[in-house]
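Subject: Structure for you to look at, with notes

Dear colleague,

I am passing on the structure we talked about, and my notes follow below it. Please read them with the model open beside you.

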Amino acid sequence: MAQQEWNSALYDQKHSFVYEYGQDLLSLLQPQPAELILDLGCGTGHLTAQIAQSGARVIGLDHSAQMLETARQQYPQLEFVQGDASAFSLPEACDAVFSNAVLHWVTRAAEAAACIAQALKPGGRFVAEFGGQGNVANIVEAVQAVMTSHTQAEVRHPWYYPSIGAYATLLEAQGLEVRQAFLFDRFTKLEGADGMRNWLTMFAESMFADLPVEAKETALTEIEARLRPTNFRAGVWYADYRRLRVVAVRVK
C-alpha cells in the first residue's frame, strides 16, 4: 500500500477539528514551566504552540516534511524535528510525551511504545489520544466494499486501532504504568458539502492508489452513497470516530 502523503494546507483548512479536539487533551497533560515536552506527531504545530504557552520547552516531531515546513513558518520560535514515531531518539529525556490523533498511523506500535518509554524520564508521563478499536468502522466498510468491486482484490486500511487492553499491554511491556484509559465514541462533523470526500482524500488516499483518476472519482461517489444513510445527517457529513485516550507514567 502506498505511503500516506500529507497536504498541510488541506489539513489546516478543512480538518482543523483534529487539533481543536486535542485542546481538551492538554488538560490531562498539564504542562508546567521549565518542563521538556515532546509533541509526537506535531503536524502543523498548533498544539505544540499551545503547550509552549505554559512556559515548557517543547519539541515538535513529525514524519511529514510538508507538515513541518508549515509548522516552522507559523511558529519559527519553536523547535521542530523530522522523525519516525516508531524509530526516534532524543538527546535528553523528557518530562512528558504528548500525542494527539497520530498513533493510529503508527502500525509498528510496539516499537513506538519503546521509543516513547525511552524518551521519558523515570516518573515522566505519556498523554495520548488516537483512533481506537472500531474507529471509522462505517467508512472502512464502505471503502473496502467499493474498492473490492473496482479492483477485485481486498484493500486493507492503513491504520492501527487497538483496544484498551491491547494498547495497555504494549505500554506495560515498556515499563509504562497505565493510569487512565478511555475508549469513547466521538461522531465528528466534517466541513462542507464535500466533507466526506475531503476526509477520504486527506486521510484514506493510500487506499485508492491503484485506481486511475476517473475510476477514483466514481469510487468516491459510490462510497458517499453507501455512507449517506449512516454518516450524513441534516445536510452534514460526519466521521464515525472512536477515540482511545491514555495517560501513563514511566515507572522503570
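Which residues of helix α7 (residues 164–173) are buried? They are Y167, A168 and L171, where buried means under 20% relative accessible area, exposed means over 50%, and partly exposed lies in between, with a 1.4 Å probe and protein chains only. Seen down the axis of α7, these buried residues fall within an arc of 100°, so they line one face of the helix; the arc is that of the directions from the helix axis to the C-beta atoms.

Before going further, please keep in mind that this is a predicted model, in which local features need pLDDT of at least 70 and side-chain atom pairs count only at pLDDT 80 or more, while totals for chains, interfaces and linings use all residues. Residues are numbered from 1 along each chain as its sequence is written, and side-chain values use heavy atoms, with hydrogens and water left out. Helices (H or I, at least four residues) and strands (E, at least two) are DSSP runs, numbered from the N terminus.

To return to α7, its other side has T169 and A173 exposed. The cover over its buried residues includes α5 (109–119), β5 (120–131), β6 (176–190) and β8 (236–250), with contact taken as heavy atoms within 4.5 Å. After α7 comes G175, which has a positive phi, near 80°.

Two helix pairs involve α9. The axes of α8 (residues 195–203) and α9 (residues 213–231) come within 10 Å and cross at roughly 120°; axes are lines fitted to C-alpha atoms, for helices over the stretch in contact, and angles run from 0 to 180 degrees between N-to-C directions. The two helices are therefore oblique to each other, given that angles under 35 degrees count as roughly parallel, over 145 as roughly antiparallel, 65 to 115 as roughly perpendicular and the rest as oblique. The crossing of α8 with α9 is right-handed, that is, the near helix is turned clockwise from the far one by less than a right angle. On the α8 side, M196, R197 and L200 take part, and they meet E217, L220, T221, I223, E224, L227 and N231 of α9. By class, this contact has 5 nonpolar, 2 polar and 3 charged residues, where Ala, Val, Leu, Ile, Met, Phe, Trp, Tyr, Cys and Pro count as nonpolar, Asp, Glu, Lys and Arg as charged, and the others, Gly among them, as polar.

For α6 (137–151) and α9, the axes come within 9 Å and cross at roughly 140°, and this crossing is right-handed. Residues in the contact include A142, V146 and H150 of α6, together with A219, E222 and R226 of α9. The classes here are 9 nonpolar, 6 polar and 2 charged residues.

S99, in strand β4 (residues 94–100), is buried at a relative accessible area of 1%, and, leaving aside neighbours within four places in sequence, S99 is in contact with L25, L40, V127, A128 and E129. Q133 sits in the loop between β5 and α6 and is partly exposed, at 43%; not counting residues up to four places away in sequence, Q133 touches Y161, P162, S163, L183 and R242. R228, in helix α9, is partly exposed at 41% relative accessibility, and its C-alpha lies 9.7 Å from that of Y238, 10 residues apart in sequence.
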